[in-house]
Amino acid sequence: HGKTPMRMPRIYQDGYTLTLSSSHPEYLINIMEGDEIVFSSVIPEGVATFELPAYLSGEYTIQFVSNF
């Protein structure tokens, strides 16, 4: 079976709000500090906005996983 590269998602951040394209798959979002996951949640397919927890401050890596 051939594999097709995944299209890069269009995701914008404004403060604690993430705005996603209207036609995206379900994502698992992990907020990482170094190698540690400090927050994890599922963003259902097609959801246009997602609020990050307000207790997060500082610099983090945001990881999106699809087909989990």
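N30 is bridged to Q63 in β6. The strands named here are DSSP runs (E, at least two residues) numbered from the N terminus. The model is predicted, so to speak of local features a pLDDT of at least 70 is needed, side-chain atom pairs count only at pLDDT 80 or more, and totals for chains, interfaces and linings use all residues. Residues are numbered from 1 along each chain as its sequence is written, and side-chain values use heavy atoms, with hydrogens and water left out.

N30 itself sits in strand β3, which covers residues 27-33. With a relative accessible area of 5%, N30 is buried; the cut-offs are under 20% for buried and over 50% for exposed, with partly exposed in between (1.4 Å probe, protein chains only). The N30 side chain also makes a polar contact with the side chain of S40, at 2.8 Å. Such a contact is a pair of N or O atoms within 3.5 Å; within protein, one atom must be able to donate a hydrogen and the other to accept it, and residues adjacent in sequence count only if both atoms are side-chain atoms. Setting aside residues up to four places away in sequence, N30 touches I37, F39, S40, T61, I62, Q63 and V65, where contact means heavy atoms within 4.5 Å.

Three strands form an open sheet in the order β4-β3-β6, with antiparallel pairing; two strands pair if DSSP finds at least two bridges between them. At the edges are β4 (36-43) and β6 (61-66), each of which pairs on one side only. On average, neighbouring strands of this sheet are turned by 20° against each other, direction ignored. The angle is taken between axes, which are lines fitted to C-alpha atoms, and angles run from 0 to 180 degrees between N-to-C directions. Between β3 and β6, which run antiparallel, there are six bridges.

Next comes the packing. Ten residues make up the largest nonpolar core: L18, L20, Y27, I29, I31, F39, I43, F50, L52 and L56. A core of this kind is a set of buried Ala, Val, Leu, Ile, Met, Phe, Trp, Tyr and Cys residues joined through side-chain atoms within 4.5 Å. Two or more residues each come from β2 (17-20), β3 and β4, and β3 gives the most, with three. One core member, F50, is in contact with Y16, T17, L18, L20, I29, F39, S41, V42 and I43, leaving aside its neighbours within four places in sequence.

Two loop residues round out the local picture. H24 lies in the loop between β2 and β3 and, at 5% relative accessibility, counts as buried. A polar atom of the H24 side chain lies 2.7 Å from the backbone oxygen of V47. Beyond four places in sequence, H24 touches I43, P44, E45, G46 and V47. G15, in the loop between β1 (11-14) and β2, is partly exposed at 48% relative accessibility. The C-alpha atoms of G15 and L52 are separated by 8.7 Å, with the two residues 37 apart along the chain.

As for the chain as a whole, the secondary structure comes to six strands and zero helices. Of the 68 residues, 24% are buried. Among contacts between residues at least 6 apart in sequence, 50% join residues at least 24 apart. The chain exposes about 5,200 Å², of which carbon and sulfur atoms supply 50%; accessible areas come from the Shrake-Rupley method with a 1.4 Å probe, and for residues only the protein chains shown count as cover.

Conventions. Helices (H or I, at least four residues) and strands (E, at least two) are DSSP runs, numbered from the N terminus.
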